[in-house]
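User: Hi! Could you walk me through this one? I'd like to start with the inside and then move on to the strands.

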Amino acid sequence: LTVREGKTLKSIGQFTYAADSSWGLLILMSDPETKSYKTHFVDQEKSKFIKGTFLIFNFSTQIASVYLGPTEEKFEANQQRVLKPTPEDNGMFRMQVTHPNKDQQPETCYDRYVSASKDSRELVFLVPTETASLRVSSLSLSSDPE
């Protein structure tokens, strides 16, 4: 990844992918300190990021707990993982994200009921905030490449 500065190109990030990747996602996270980007390439087939699953990235420096239904999954700093939710009989499940507060007690930063769609993939980003908390952002992907 490059940007033009005058007549020169300056590198602001790089990524690699396997030659046999049929398609994937490239995720860019800005790094204001280095004025560059942290990159993450996700090969959707190799990572098992298939329809009906959630790909969760913890881009923070703290541990987070993610619940997709009744089961707690711990995410270390900078960890990513694919999870499949456990829906209730109505096809919904509770998605909750917590992290330790300054007193090391669980603090909820996201708590919603979500529909379990078998036709889409969900990206979930746990990103740090200036207050040492976490912000949760999500994106639904419902189509495959042609």
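This is a predicted model: local features need pLDDT of at least 70, side-chain atom pairs count only at pLDDT 80 or more; totals for chains, interfaces and linings use all residues.

User: How do the lining residues divide into nonpolar, polar and charged?

Analyst: Five of the lining residues are polar and two are nonpolar, while no charged residue takes part.

User: And how much space lies in that largest cavity?

Analyst: About 30 Å³. With a threshold of 30 Å³ or more, the count comes to one cavity.

User: Okay, on to the strands. In what order do the four strands of the open sheet come?

Analyst: The order is β8-β5-β11-β12, and the pairing is mixed. β8 (80-83) and β12 are at the edges: each has a single partner strand, so one side of each lacks a neighbour in the sheet. On average, neighbouring strands of this sheet are turned by 20° against each other, ignoring direction.

User: Which way do β5 and β11 run, parallel or antiparallel?

Analyst: Parallel, with five bridges joining β5 (residues 54-58) to β11. As an example, Asn58 sits opposite Leu126 in β11.

User: Nice link. How many bridges pair β11 with β12?

Analyst: Eight, and that pairing is antiparallel; β12 covers residues 134-141. Leu126 has Val136 as its bridge partner in β12, and Glu122 has Ser140 there.

User: How many of the eight residues in β11 are buried?

Analyst: Seven, so β11 (residues 121-128) is mostly covered, where buried means under 20% relative accessible area.

User: Changing topic: where is Lys84 found?

Analyst: Lys84 belongs to the loop between β8 and β9, the latter being residues 92-100.

User: Is Lys84 buried or exposed?

Analyst: Exposed: its relative accessible area is 60%, and the cut-off for exposed is over 50%.

User: Last one: what separation do the C-alpha atoms of Lys84 and Gly69 have?

Analyst: They are separated by 9.6 Å, and the two residues are 15 residues apart along the chain.

Note on methods: Residues are numbered from 1 along each chain as its sequence is written. Side-chain values use heavy atoms; hydrogens and water are left out. Buried means under 20% relative accessible area, exposed over 50%, partly exposed in between (1.4 Å probe, protein chains only). Helices (H or I, at least four residues) and strands (E, at least two) are DSSP runs, numbered from the N terminus. Two strands pair if DSSP finds at least two bridges between them. On a 1 Å grid over the protein atoms alone, a cavity is a set of points where a 1.4 Å probe fits but cannot get out, and a pocket is an open set with protein on both sides within 12 Å along at least five of seven lines; lining residues have an atom within 4 Å of a point. Grid points are joined across faces, edges and corners, and a volume is the space filled by probe spheres set on the points. Ala, Val, Leu, Ile, Met, Phe, Trp, Tyr, Cys and Pro count as nonpolar, Asp, Glu, Lys and Arg as charged, and the others, Gly among them, as polar. Axes are lines fitted to C-alpha atoms, for helices over the stretch in contact, and angles run from 0 to 180 degrees between N-to-C directions.
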